[in-house]
Amino acid sequence: MSRRSVLVVAHTGRPEAVRSAELVIERLSKAGISVRVLDEEAGDLHCAGVDVLPASAVAAEDAELVMVLGGDGTILRAADLARMSGTPMLGVNLGHVGFLAEAEREDLTATVERVVERHYDVEERMTIDVTVHRNGAVAAATWALNEATVEKAERERMLEVVAEIDGRPLSHWGCDGVVCATPTGSTAYAFSAGGPVVWPEVEAMLVVPISAHSLFARPLVVSPRSVVAVEVLPDTPRAVLWCDGRRTVGLPPGARVEVRRGAVPVKLARLHRTPFTDRLVTKFGLPVTGWRGRARPGSGGEGREHRHPAGER
């Protein structure tokens, strides 16, 4: 049997993430697991006995896991490395809300033990493939786990676009931009723009106009088999395409952006089977006082109040 290997990715700009990464590396190494780090992070981690690899997809190839210490931004950076190899990512949240992370900083020791003992499950998350067309030719191709956003590049002027669903025009919007998101991304930029929260197991794509001047500018939920297109009108300012807030493509007037379900999903390692509802309550601190729930057998019938499990690990 080949030796187990884990790639550790950290937000080295945060001292807490560096300390956490060093602890993870030490404990994995003591358990006989080979540890990889990225060459751009190795100098900050000061760990001996690790394999230093370039920050490219090769770093995650044949690894059992990618352990990510940071916020959602660090996890999205790691997804660039892990997606094509199909290596699952396990995020430890050292940021703010951290919807993509599976564990919190106070659970770090237990999280490492679960990895050592292989006590985790793996689930797939839908991605989107994004192509940019100029003058009838493909000018760029990229992807996103959370969202692809067409935004205005000039603050003082409104962006003029036409949205299309499955080859049919939907609406013309004067707006700040349009977000095309996955269910995973429904709690990210799309949420801030007024879109709905979509449970991760739902297969769909979201289209959310940003600050649109239109009577019809509601968030839309479309089939995962649909193709969504956003065309930048010729007589409008320059625009820019952002994917997961990381990859960017300039969009001149007349450019067309097409978004469809991604051919390659992203895999996430799961330590807990906490219902997504409970994650929402915990992450956003939602008020659930007064919830009584369904009566349990032997509880004395209807009317017995139950404690909400949000926050239980």
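Both faces of strand β5 are covered in this predicted model, since Met 89, Gly 91 and Asn 93 on one side and Leu 90 and Val 92 on the other are all buried. Here buried means under 20% relative accessible area, exposed means over 50%, and partly exposed lies in between, with a 1.4 Å probe and protein chains only. For strand β5 (residues 89-93), 5 of the 5 residues are buried, so the strand is largely enclosed by the rest of the structure. Strands such as this one (E, at least two residues) and helices (H or I, at least four residues) are DSSP runs, numbered from the N terminus. Strand β4 (residues 65-70) pairs with β5 in the parallel sense over 5 bridges, and within this pairing Val 68 stands opposite Gly 91. Two strands are taken to pair if DSSP finds at least two bridges between them.

Residues are numbered from 1 along each chain as its sequence is written. Local features need pLDDT of at least 70 and side-chain atom pairs count only at pLDDT 80 or more, whereas totals for chains, interfaces and linings use all residues, and side-chain values use heavy atoms, with hydrogens and water left out.

The chain as a whole contains 6 helices and 20 strands, and 49% of its 313 residues count as buried. Its C-alpha atoms fill a box of roughly 60 × 60 × 35 Å, taken along the principal axes. A compact globule of 313 residues would have a radius of gyration near 20 Å, and the value for the chain, 22 Å, agrees with this. The radius is taken over C-alpha atoms, and the globule rule is 2.2 Å times the number of residues to the power 0.38.

Two open sheets can be described in turn. In one, 6 strands follow the order β9-β8-β19-β16-β11-β12 with antiparallel pairing. The edges of this sheet are formed by β9 (137-144) and β12 (168-175), each of which has a single partner strand, so one side of each is left without a neighbour in the sheet. Neighbouring strands of this sheet are turned by 20 degrees against each other on average, direction ignored; the axes are lines fitted to C-alpha atoms, for helices over the stretch in contact, and angles run from 0 to 180 degrees between N-to-C directions. Within the sheet, strand β16 (residues 228-232) is joined by 4 bridges to strand β19 (residues 256-261), the two running antiparallel, and Glu 231 stands opposite Arg 256 in β19.

Another open sheet of 6 strands has the order β15-β14-β13-β10-β17-β18, again with antiparallel pairing. Its edge strands are β15 (220-222) and β18 (247-251), and because each has a single partner strand, one side of each is left without a neighbour in the sheet. The twist averages 15 degrees from one strand to the next. In this sheet, strand β10 (residues 147-152) pairs with strand β13 (residues 177-181) in the antiparallel sense over 5 bridges, and Glu 151 stands opposite Gly 177 in β13.

The structure holds 23 salt bridges, a salt bridge being a side-chain nitrogen of Lys or Arg within 4 Å of a carboxyl oxygen of Asp or Glu. One of them links Glu 26 with Lys 30, the closest N and O atoms being 3.2 Å apart. Both residues lie in helix α1 (residues 15-30), 4 residues apart, about one turn of the helix. Glu 26 is partly exposed, with a relative accessible area of 40%, while Lys 30 counts as exposed at 68% relative accessibility.

Other salt bridges involve Glu 102, whose closest N and O atoms with Arg 270 are 2.7 Å apart. This pair links distant parts of the chain, with Glu 102 in the loop between β5 and β6 (103-104) and Arg 270 in strand β20 (residues 266-270), 168 residues apart. Both Glu 102 and Arg 270 are buried. Glu 102 also meets the side chain of Arg 279 in a salt bridge (3.8 Å, N to O), and this pair likewise links distant parts of the chain, Arg 279 lying in helix α6, 177 residues from Glu 102. Arg 279 is buried, as is Glu 102. Salt bridges that share partners join Glu 102, Asp 121, Glu 123, Arg 125, Arg 270, Arg 273 and Arg 279 into one network.
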